[in-house]
Amino acid sequence: MGVPIPSEYGGLGGTFVTYVKVVEEIAKACASSSLIVAVQELGMLPIMIAGNEEQKKRFLPKIASGEHLAAYALTEVSSGSDALGSMRTRAELKGDKYYLTGQKIWITNGSVADVVCVFAVTDPAAGSRGVSAFVVEKNSPVFSVGKKEKKMGIRGSPTVELIFDNCEVPVENRLGEEGEGFKIAMRVLDKSRPGIAAQALGIAAGALEYATNYAKERIAFGKPIGQHQGIGFMLADMKTEVEAARLLLYESARKCDAGEPDVTLWAAMAKLKCGDVAMSVTTDAVQVLGGFGYSSEYPVERMMRDAKITQIYEGTQQIQRLVINRNMIGKGK
Ligand code: CAA
């Protein structure tokens, strides 16, 4: 859990390159399990990026050890891709406490997390400078868990609604200054999207390995199906796509480690490529296995269902393209 957390806060002090390799390796076998590691990182990053020394010492060691689970709460019913413009959760300061009111949805690990980094509007008139970031602790009054989603894939990972009903958050749990929350949220995604790209790549690599072994053993028309051009060329394309995606991912993680200025662009490109490769490679793996691929007795059926979410969460593929394009051309008016 503590791979990318510095050793002074109880972590391993590992690089982002190491971290993405850990997520990738776990995802080869189980996407839901890899998400335990990836969301721990997503939930701790606001503290790493914007927390003061006291907050880092208070929260990070237990996150690094796994004693505490962390989550990240940005998305709302009407605010998915338009994370800023449609955010409705409010935080009002009264004395030395903020009172949070609103609802967040699609929160991975929200029902099991001990600390949740929540983004809420502190000044509705201030646009991108009107959002603030808070660490909400599990037993904060009144913070509760709502509906648990029934999902197509990653069914081993809980995804829930969180409800804040005048939820009390002490001022010392605000991360950064008031109004800095949206930029913190975006800076977090620059570092967490490679983690989801790693999950996607792992799913693809796991499916490719399974399909390749199957194609060596399954005989049709007197020889292994992998030696028939129809399946053999499909496997060759799958392998090439997986290795190309891997190079893009490792380069984006290296840029995170080096603190290079174009991490936003590279994180978006890695997430876009790896998510699309996960979907296409797992779909083709099901095809290689034929009828057996469509059965839940074989793992590629689960891998195909799990792959889909990597094209949706931590910014849809459409949002990744928007981010890439803005980094090339600019946003304009
Ligand atoms: N780093 C720092 N600052 C950034 C930034 C970045 N990467 N990206 C934007 N900003 C700043 C901008 O400079 C701007 O600042 P100023 O107003 O001071 O100029 C401000 O933030 C607003 O930015 P934009 O004008 O670009 O905002 P926008 O509303 O046009 O678009 C967006 C932003 C890129 C579309 C963004 O809303 C976005 O990424 N949306 C997708 C949200 C998302 O990924 N959600 C995933 C939820 S987490 C999840 O899925 C986890 C899970 O379950 C596992």
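The ligand is surrounded by 26 residues, and the closest are Ser128, Arg129, Lys183, Glu314 and Lys331. A residue counts as near a molecule if one of its heavy atoms lies within 4 Å of it. The model is predicted, so local features need pLDDT of at least 70 and side-chain atom pairs pLDDT 80 or more, while totals for chains, interfaces and linings use all residues. Residues are numbered from 1 along each chain as its sequence is written, and side-chain values use heavy atoms, with hydrogens and water left out.

What kinds of residue make up the shell around the ligand? There are 11 nonpolar, seven polar and eight charged residues. Here Ala, Val, Leu, Ile, Met, Phe, Trp, Tyr, Cys and Pro count as nonpolar, Asp, Glu, Lys and Arg as charged, and the others, Gly among them, as polar. At least two shell residues each come from α2 (31–50), β3 (97–108), α4 (181–217) and α8 (317–329). The largest share, seven residues, belongs to α4. These elements are DSSP runs numbered from the N terminus: helices are H or I with at least four residues, strands are E with at least two.

Polar contacts, meaning pairs of N or O atoms within 3.5 Å, can be followed next. An oxygen atom of the ligand lies 2.8 Å from a polar backbone atom of Glu314. At Lys331, an N or O atom of the side chain is 2.8 Å from an oxygen atom of the ligand. Thr264 places a polar side-chain atom 3.5 Å from a ligand nitrogen atom. Taken alone, the ligand exposes 1100 Å², of which the protein buries 77%; accessible areas come from the Shrake-Rupley method with a 1.4 Å probe.

Aromatic rings are another feature to look for. A pair of aromatic rings is described by the distance of the centres and the angle of the planes. Rings of Phe, Tyr and Trp (its six-membered ring) pair if their centres lie within 6.5 Å, with planes under 30 degrees apart stacked, over 60 edge-to-face and the rest tilted. The count comes to five aromatic pairs. One of them, Phe16 with Tyr19, is edge-to-face, at 6.1 Å centre to centre and 85° between the planes. Phe16 and Tyr19 are about one helical turn apart because they are three residues apart in helix α1 (residues 16–29).

Finally, the backbone. Most residues other than glycine have a negative phi, and most peptide bonds are trans. The peptide bond from Pro141 to Val142 is cis, with omega near -10°, and Val142 sits in the loop between β5 (131–137) and β6 (143–148). Ile154 has a positive phi, near 35°, and is found in the loop between β6 and β7 (159–170).

Terms used:
A polar contact is a pair of N or O atoms within 3.5 Å; within protein, one must be able to donate a hydrogen and the other to accept it, and residues adjacent in sequence count only if both atoms are side-chain atoms.
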